[in-house]
Amino acid sequence: MESLSPIILSLVTFIPAVGGLLILLIPRRDRDIKLFALVISLLAFVASLHLPVHLHRELGAFKFEIDKVWITSPNIHYHMGIDGISVWLVVLTTFLTPLCVLISWHSIHERVKEFFILLLILETALIGVFTALDLFLFYFFWEATLIPMALLIGMYGHGRKVYAAVKFFLFTMIGSMFMLAALVWLYTKTGSFDFVVIQNAIRSGSVPGFEQASLWLFLGFFIAFAVKVPLFPFHTWLPDAHVEAPTAGSVLLAGVLLKMGTYGLLRFDVGLFPAQAHRNAPWVMVLALIGIIYGALVSLVQPNMKKLIAYSSISHLGFVVLGIFSFTAAGLNGAVFIMLAHGVATGGLFMLAGILYERRHTYEISEFGGLATPMPKYATFFLVTVLASVGLPLLNGFIGEFLVLTGAFQARPIYGVLGATGVIWSACYLLWMYQRVFFGKVKHDVNNALPDLNLREKAALWPIAVAALVMGVAPLVWLGAIDPAVQAALAPFTQLASKVVGQ
Amino acid sequence: MMMMVMTAFSHSLPALLAQAQTSLPPPGTDYMRILPELVLSIFGMLIMVVDPLLDEENSHQSLGTIALIGTLAALASTAWMAQYPGTAFWNMVRVEGFSVFFHFLVIAIAAVVILSSFEYLKVQRIRAGEYYGLILFGTVGMCLMSSAIELVLIFIALEISSISTYVLAGFRRREASSSESSLKYFLLGSFATAFFLYGVALMFGATGSTNIDAISQALHSGGAPVPALAYVATAFMFVGLAFKVSSAPFHIWAPDVYEGAPAPIVGLMSTGPKAAAFAILLRVMFEANAPGRFWLIWVSAALTMTLGNVCALVQDNVKRLLAYSSIAHAGYLLVAFAAQPELGTSAAMFYTAAYAAMNVGAFAVVTHFANVGEKYVTLEDYAGLGRSSPVLAATFTFFLMSLIGIPITGGFFAKFYVLSAALKSDLVGLAIILVLNSAVGAYYYLRIIVMMYMREPRGEVPVTPVPVAAALAITVCVLLTLYLGVLPGRVLDYAAHSARQLVSDRAAPELSAGYHATEP
């Protein structure tokens, strides 16, 4: 199996895109295309399982590295590698994509071919973001996620889909322009795009003019990532994009795309500019707290189920940022764990909302009520997912939030206190929504006749429920790999802290 | 204007004559150094001769083929010419990496434009003879523009290419807008050329020479201060050339002209003469090391990018939209001119190549889609193209993505090199303006993509299958854009190498010239 190591990352990354291009050759028989897309995405998932199994858990080293010269001038390498943080994000991506294919089986009627091509290309781009270690390559994959996602929203969404797609595209595009400028600056001073090389150059202080520029560089990357997370006040694209996107689009958007932002913050913004990150942590954490509370409060009053879940994402991702910028081992571990847990739980919620939409063509909570009677299985799955999202112990949401709040308390107690209210809020809006949709008497007669889950939908939901439970019961499987990577990321901060103490 | 021509000649002619008299008749290798120009001229004349012999109805295909063979022969002869580096005709023309690069570029542009015109001429019922002839003659002018190192010859080359394009712009005879386009282009263009000529004359007055190298020496040898006249001369020449590359504030003509001119010709105009004019600008600014250029270019670049992008936001006609986009791209390119000479030159060269590939391609799509009388050129007409003609829409999307500057397209690396040249030269302000503008730019290109994919098609817009020639043209552009986006190394190395040649031993960057631009 060792012989697989150098190519496994490229394999995992490009299987979906190659499959997507092969779909071009399949004649327009929708069933064949769907089956093929499902097979390809499952293949990518199986291949990606190789990664965590064979990841040696050493401190802060990248594994499965491949480093080939791509372009000599500028000095761009095809450099990929993963550590304990990115490996799970890759697996999350490959885990969610087959479910997206399943959930889109009937909801996509026209231009089916294009849909699955876009979905698979998007998967490649997403995996690429998490595996790229060359900043240029990273930027390439980062931008490459944009077009398929925007097209998915704009072509297959509903309502104001064009508005949402354009808004999504422009927000991200404008944000990433700043990152590009910062990236090119780094290249002009270091002569390399390689993450490790640049990181070492910065740490050894051999980058001319870095002291003066570091704040701007930090901000350049920060804006790009903050838009993606989305951190308050850059969040306004998110509700539109989520509500109008097709279900598969929402699942990947919430499940993986948002993590690109937090992953970027952790890997690049914090990884390259630890001193600036440390200096700016207070206001970033305040923004994160605003996001947690604001997102929760807005969720509380949403009449639209999908919008409610969308705003809850803002709240949950606030926890992630809070954890990252607490610069404590617990906080960072928790942040990474929430990324995964949120991907599973919120991905599941969007799938569930999509299933309901297929039947009733509305997301309005007031249109439902008492659904537990006609759709008991659906209600059960929904309950499990909601509880996971709320953070019930033994389900996956709890571990991450607990760790993040521990970290936040260590950083500054008031942050922990304020952050903890977010947990309460999330219980309020999610459980209240659950109550209004499922309990009581059936309010509208049409809902009496709603069919319960079919086999395909169950096949899509079981993995979510199982993952939520397993991650909650045995978080160490995940944290065992995450912790060494987190410790490596924290190394510069312990130095910073000791410096402060030393003074 | 004639007066001005006369005055300029009366100043510079003696110098030329003196050079000519002291030399022997040109050796045979001199002709090798203008071989592509000769080949193109011969084929152009061949077309003019053959044209009357052919039945007008059937002449499109055969004349087009001759023109295409002419450009291919010229490409081959450029490769041949590249083996004879050096100057020719008493220091009037120089063959070097730089000029070979632009020869390849403009001839390739002409070839692709000719390919995409095959169907167009038939559909629009345009006579093919003069059309192809003028494209070839215009290309001769553009080629000469890139290899001339004598300001008077540069002027003549500029006129050859300009006059051809003035006429080509008016080829949709039945449309008033086309005549307007041609006339506007001609009047304003002549005015701008006069400025250039005036600048040449003043430069001759300031330095006593019209040869680029001699000017550079005269301006920067010895400790003598640069005469004030040279600053004025630079400014005037810049005005003339800025018009040709449609940079603000001399860009007003572009949208009207592009809207009226035949679509394939717009593809040509916005890339070929522009690339050649940029070549002149590179020579005048960097090789001649023109004084006081920094702020001139800085302000013009910032203005061009911003105006181009902002105006493009509200356009509903795709040709006009692409016209403003081409203004914006001229602005991005100008940023390279404010950078250090070597970096700037190579970045600018790469940019012209990448821009040519994507823009000619985009116009090839617009050409095919425009149909009889160029009826379908508004944004609304593109609604639902993604459904009715998926391949065409996908290629157009690809070109637009390149224009936005998304990675793995040539447009991305072009922008990237300009940005890194600017940052290496510490032009942080200009770099930030560039970045912000690219973000604005994304919006209007996106509007087209949105139209194509996210709107329902309107029934009345016919979608005809793409004919072989146009398909070939578009394919070439896609492949080149992709090549420049995935493996830009070779082209960039070549550009960097020729840039080093061009600015060697004149590399002193002149960033702090005291001359500040005032609005002319």
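Two residues are in contact here if their C-beta atoms, placed from the backbone, lie within 7 Å. With that in hand, here are some notes on this predicted model.

1. **Where the chains meet.** Let's start with the interface. On the chain B side, 25 residues are in contact with 28 residues of chain A. Three elements of chain B, namely α19 (410-424), α20 (428-454) and α22 (489-503), each give two or more residues to the side that touches chain A. Of these, α20(B) gives the most, with 11 residues. Sorted by class, this side of chain B has 20 nonpolar, three polar and two charged residues.

2. **Chain B as a whole.** The C-alpha trace of chain B spans about 70 × 55 × 40 Å along its principal axes. Of the 520 residues in chain B, 64% count as buried. As for contacts in chain B with a separation of 6 or more, 82% of them come from residues 24 or more positions apart.

3. **Helices α1 and α4 of chain A.** Two packed helices are described by the angle between their axes and the distance between the axes. For α1 (residues 5-23) of chain A and α4(A), the axes come within 8 Å and cross at roughly 165 degrees. An angle over 145 degrees counts as roughly antiparallel, and α1(A) and α4(A) are therefore roughly antiparallel to each other. The crossing of α1(A) past α4(A) is left-handed. From α1(A), the residues making the contact include L9(A), V12(A), F14(A) and I23(A), and from α4(A) they include F116(A), I117(A), L120(A) and I127(A). By class, this contact of α1(A) with α4(A) has 11 nonpolar, six polar and two charged residues.

4. **F115 of chain A.** While you are looking at α4, note that F115(A) sits in this helix, which covers residues 112-131 of chain A. Is F115(A) buried or exposed? F115(A) has 27 other C-beta atoms within 10 Å; because 20 or more is the cut-off for a buried residue, F115(A) counts as buried. Leaving out residues up to four places away in sequence, F115(A) touches S104(A), I108(A) and Y156(A). The C-alpha atoms of F115(A) and G291(A) are separated by 33 Å, and the two residues are 176 residues apart along the chain.

5. **Helices α10 and α13 of chain A.** The axes of α10 (residues 237-244) and α13 (residues 305-324) of chain A come within 9 Å and cross at roughly 140 degrees. That angle makes α10(A) oblique to α13(A). Here α10(A) passes α13(A) in a right-handed crossing. On the α10(A) side the contact is made by L238(A), P239(A), H242(A) and V243(A), while the α13(A) side provides K306(A), K307(A), A310(A), Y311(A), S313(A) and I314(A). The class count for this contact of α10(A) with α13(A) is six nonpolar, two polar and two charged residues.

6. **Helices α18 and α21 of chain B.** Back in chain B, α18 (residues 390-404) and α21 (residues 468-486) pack at an angle of about 40 degrees, with their axes 11 Å apart. That makes α18(B) oblique to α21(B), and α18(B) passes α21(B) in a left-handed crossing. In α18(B), T395(B), F398(B), F399(B) and S402(B) meet I474(B), V478(B) and T481(B) of α21(B). This contact of α18(B) with α21(B) has four nonpolar, three polar and no charged residues.

7. **Two glutamates to look at.** E342(B) lies in α16 (residues 341-370) of chain B and is buried, with 20 other C-beta atoms within 10 Å. E342(B) and S504(B) are 8.3 Å apart in space, C-alpha to C-alpha, and 162 residues apart in sequence. In chain A, E358(A) is found in α14 (residues 329-360). E358(A) is partly exposed, with 14 other C-beta atoms within 10 Å. Not counting residues up to four places away in sequence, E358(A) touches H106(A) and S107(A).

Terms used:
Residues numbered from 1 in each chain as written. Chains lettered and ligands numbered in written order. Predicted model: local features only at pLDDT ≥ 70, side-chain atom pairs only at ≥ 80, totals over all residues. Axes fitted to C-alpha atoms, helices over the stretch in contact; angles between N-to-C directions. Helix = DSSP H or I, 4+ residues; strand = E, 2+ residues; numbered from the N terminus. Parallel < 35°, antiparallel > 145°, perpendicular 65-115°, else oblique. Left-handed = near helix turned anticlockwise from the far one by under 90°. Nonpolar A, V, L, I, M, F, W, Y, C, P; charged D, E, K, R; others polar. Buried ≥ 20, exposed ≤ 12 C-beta atoms within 10 Å, placed from the backbone.
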